[in-house]
Amino acid sequence: MAPPVKNAVRAAAAPTEEWSSQPEVTAAHPPKNAAGDGDRRPISTVLIIIAMQTEALPLVNKFHLSEDIDGSLFPKGVPWVRYHGIYKELHINLVWTGKDSILVEFSKFGCVLAGVDSIGTISASLVSYASIQALKPDLIINAGTAGGFKAKGACVADVYLVSNVAFHDRRIPIHVNYLYGIGARQTFSTPNLIDELNLKVGKLSTGDSLDMSPQDEVLILANDAVVKDMEGAAVAYVADLLSVPAIFIKAVTNTVDGQKSIAEEFLQNLIAVCTTLAQTVSQVVDFISGKCLSEL
């Protein structure tokens with residue numbers, strides 16, 4: 001990840017001449033995976049895609065999932081980890097992108113830790129594709145932490161169900177390629193879930209850096225994002241490509257437009273917010289149990 005920045009968000013930087021000539025981002029692709037009115041099959045298999053071990057383990061414990069240790073599901077050599085089990089008649093598969101085995105992390109005590117989490121859009125895309133192909137899920141849940149924007153009303157520990165996703169670091173200022181780079185998409189619609197759990201709803205912007213460059217800021221504001229992460233839009237792209245309904249649950253660890261260091265606030269709140277995230281995902285799964293897609 002790029003080194004985090006420490007500053008309050010500025011007023012949106014004026015777009016460069018090449019960006020000012022691009023069309024506004026006003027429409028998102030409707031999901032190809034929308035359930036039809038005739039789809040009355042109960043949801044059976046749920047795939048939860050997670051980027052960080054700290055985000056994954058509370059859910060593994062909550063659903064009493066077992067680690068798949070034979071490694072036969074995915075290609076040899078990949079770090080991806082699958083946990084699975086039955087919860088309220090749902091086949092739950094939680095796939096974590098695993099640790100990068102090449103890089104090592106040093107703790108503050110000088111100890112060598114085994115690898116770093118495989119975060120970001122590349123790992124998310126790969127694991128989403130492989131998991132969908134192998135597990136044939138009825139529904140995908142991409143759960144994880146995110147930065148939030150105070151200017152949009154987001155606070156630390158808030159949990160959002162995402163309505164729309166887009167990228168903010170794929171800048172291609174060439175006609176319609178611009179819109180491809182943004183990759184704006186609507187997520188699978190779940191009005192009953194939102195009403196039942198009284199969930200906050202907002203738009204998500206995805207990029208491969210924890211910090212926010214001036215160029216990123218312009219596009220994040222154009223995307224009207226309430227939260228930003230490093231995986232969501234990539235998972236949405238693959239899910240849409242393979243016509244699998246997907247929902248996105250993001251818990252706020254830090255404010256992007258606050259006075260604190262993004263990295264410091266993220267690390268300070270990570271454990272507690274992951275507990276909150278797990279509670280919300282558990283409530284979502286409880287609601288899903290016994291229902292079909294059109295009832296969400």
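Leu270 is buried, at 8% relative accessible area (buried means under 20%, exposed over 50%, partly exposed in between, with a 1.4 Å probe and protein chains only). This is a predicted model, in which local features need pLDDT of at least 70, side-chain atom pairs count only at pLDDT 80 or more, and totals for chains, interfaces and linings use all residues. Residues are numbered from 1 along each chain as its sequence is written, and side-chain values use heavy atoms, with hydrogens and water left out.

**Around Leu270**

Leu270 sits in helix H8, residues 262-288 (helices are DSSP runs of H or I with at least four residues, strands are runs of E with at least two, and both are numbered from the N terminus). Leaving aside residues up to four places away in sequence, Leu270 touches Met52, Thr54, Thr145 and Thr253 (contact means heavy atoms within 4.5 Å). Ala157 is 113 residues from Leu270 in sequence, yet their C-alpha atoms are 9.4 Å apart.

**Strand E9**

| Partner of E9 | Sense | Bridges |
|---|---|---|
| E1 (residues 45-50) | parallel | 4 bridges |
| E14 (residues 246-255) | parallel | 9 bridges |
| E13 (residues 227-229) | antiparallel | 2 bridges |

Single residue pairs locate these contacts. Asn142 in E9 stands opposite Ile49. Gly144 has Lys250 in E14 as its bridge partner.

The structure holds 2 cavities of 30 Å³ or more. A cavity is a set of points on a 1 Å grid over the protein atoms alone, where a 1.4 Å probe fits but cannot get out; lining residues have an atom within 4 Å of a point. Points are joined across faces, edges and corners, and volume is the space filled by probe spheres set on them.

The second largest cavity has a volume of about 30 Å³. Its lining includes Ile49, Asn142, Gly144 and Lys250. E1 and E9 are the elements that give two or more residues to this lining. E9 supplies the largest share, 3 residues. By class, the lining has 4 nonpolar, 2 polar and 3 charged residues.

**Cysteines**

How many disulfides does a search of the whole structure find? The count is 0 (a disulfide is a pair of cysteine sulfur atoms within 2.5 Å). Cys292 counts as buried because its relative accessible area is 3%. Cys155 is partly exposed, at 43%.

Notes
Pairing = 2+ DSSP bridges. 1 Å grid on protein atoms, 1.4 Å probe; cavity = no way out; pocket = protein on both sides within 12 Å on 5 of 7 lines; lining within 4 Å. Nonpolar A, V, L, I, M, F, W, Y, C, P; charged D, E, K, R; others polar.
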